[in-house]
Amino acid sequence: MQLTIQISVTDESGNTHSEKILTIEKSQDARDDIGLSIRESKQLLKCVQQSVIQKQAWQHVHNRIACPHCQKPRRIKGCQTIQYRTLLGVIPVLGHRVYRCNCEQDKTKTVSLLNDWVSEHTHPELKYIETKWASLMLWVNI
């Protein structure tokens with residue numbers, strides 16, 4: 001048996017986009033292959049997480065590509081990938097670097113639209129778990 005898992009996203013304009021995120025092969029006769037294994041579960045969650053984060057990043061970049069002052073589209077300098085750390089692993093996120101508009105007063109000529117979105121590149125839940133584990137490790141070492 002082949003299981004294909006898809007995700008459907010409906011944007012603000014009502015358009016629905018479907019994307020295949022994972023295909024899993026399962027045997028009907030194997031007793032030790034019932035349900036999802038831990039490896040398959042983690043893979044499924046990571047694929048869903050990666051798809052959701054990339055779609056959110058694309059929406060953010062798409063909404064911020066225009067100059068915040070004069071609303072003219074800014075020129076794209078290039079694509080960049082940031083490494084966003086989550087509880088499910090490191091997720092590569094694709095975004096753009098854009099040239100600042102002439103009406104923007106700043107020292108730098110370019111800006112990363114992803115860094116405006118996630119400046120620390122770490123999910124808050126991962127920070128919480130890391131902090132909690134660090135405090136427990138400190139308690140054990142005392």
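Me: Which residue takes a positive phi near 95 degrees in the hairpin of β1 and β2?

Reply: Quick caveat before we start: this is a predicted model, where local features need pLDDT of at least 70 and side-chain atom pairs count only at pLDDT 80 or more, while totals for chains, interfaces and linings use all residues. Residues are numbered from 1 along each chain as its sequence is written, and side-chain values use heavy atoms, leaving out hydrogens and water. Strands here are DSSP E runs of at least two residues and helices are H or I runs of at least four, numbered from the N terminus. Five residues sit between the two strands of that hairpin, and the one with the positive phi is G14.

Me: How many bridges join β1 to β2?

Reply: Strands pair if DSSP finds at least two bridges between them. In this case T10 stands opposite T16 in β2. The two strands run antiparallel, and the bridge count is nine.

Me: What about the other hairpin: how many residues lie between β3 and β4?

Reply: β3 and β4 run antiparallel, joined by ten bridges. T86 has G89 of β4 as its bridge partner. The number of residues between these hairpin strands is two.

Me: And where β4 pairs with β5, which residue stands opposite Y99?

Reply: β5 covers residues 110–112 and pairs with β4 in the antiparallel sense over three bridges.

Me: Which non-glycine residue has a positive phi of about 65 degrees?

Reply: Most residues other than glycine have a negative phi. H121, in the loop between α2 and α3, has a positive value near 60 degrees. The residue you want lies in the loop between α1 and β3; the one with phi of about 65 degrees is Q71.

Me: How far does α1 reach from its first C-alpha to its last?

Reply: Helix α1 runs over residues 38–64, which is 27 residues. The expected span is 1.5 Å times one less than the number of residues. That gives 39 Å for α1, and the model comes out close to it, at 39 Å.

Me: Is H60 buried or exposed?

Reply: H60 is in helix α1 and touches L113, D116 and W117, not counting residues up to four places away in sequence; contact means heavy atoms within 4.5 Å. The classes go by relative accessible area: under 20% is buried, over 50% is exposed, and partly exposed is in between (1.4 Å probe, protein chains only). H60 has 9%, so it counts as buried.

Me: Which residue meets E40 in a salt bridge?

Reply: A salt bridge here is a side-chain nitrogen of Lys or Arg within 4 Å of a carboxyl oxygen of Asp or Glu. The whole structure has six of them. E40 lies in helix α1 and its partner in the loop between β2 and α1, so the pair ties together parts that are 14 residues apart in sequence. At 2.7 Å, N to O, that partner is K26.

Me: Which residue meets R74 in a salt bridge?

Reply: Salt bridges that share partners join R74, R100 and E104 into one network. At 3.3 Å, N to O, the partner of R74 is E104.

Me: Last one: which helix gives the most to the nonpolar patch?

Reply: Patches use residues with over 30% relative accessible area and no salt bridge, joining like charges within 9 Å and nonpolar side chains (Val, Leu, Ile, Met, Phe, Trp, Tyr) within 5 Å. Areas come from the Shrake-Rupley method with a 1.4 Å probe, and for residues only the protein chains shown count as cover. L45, L87, L88, Y128, I129, W133, L136 and M137 form this one, with about 790 Å² of accessible area together. The top contributor, with five residues, is helix α3.
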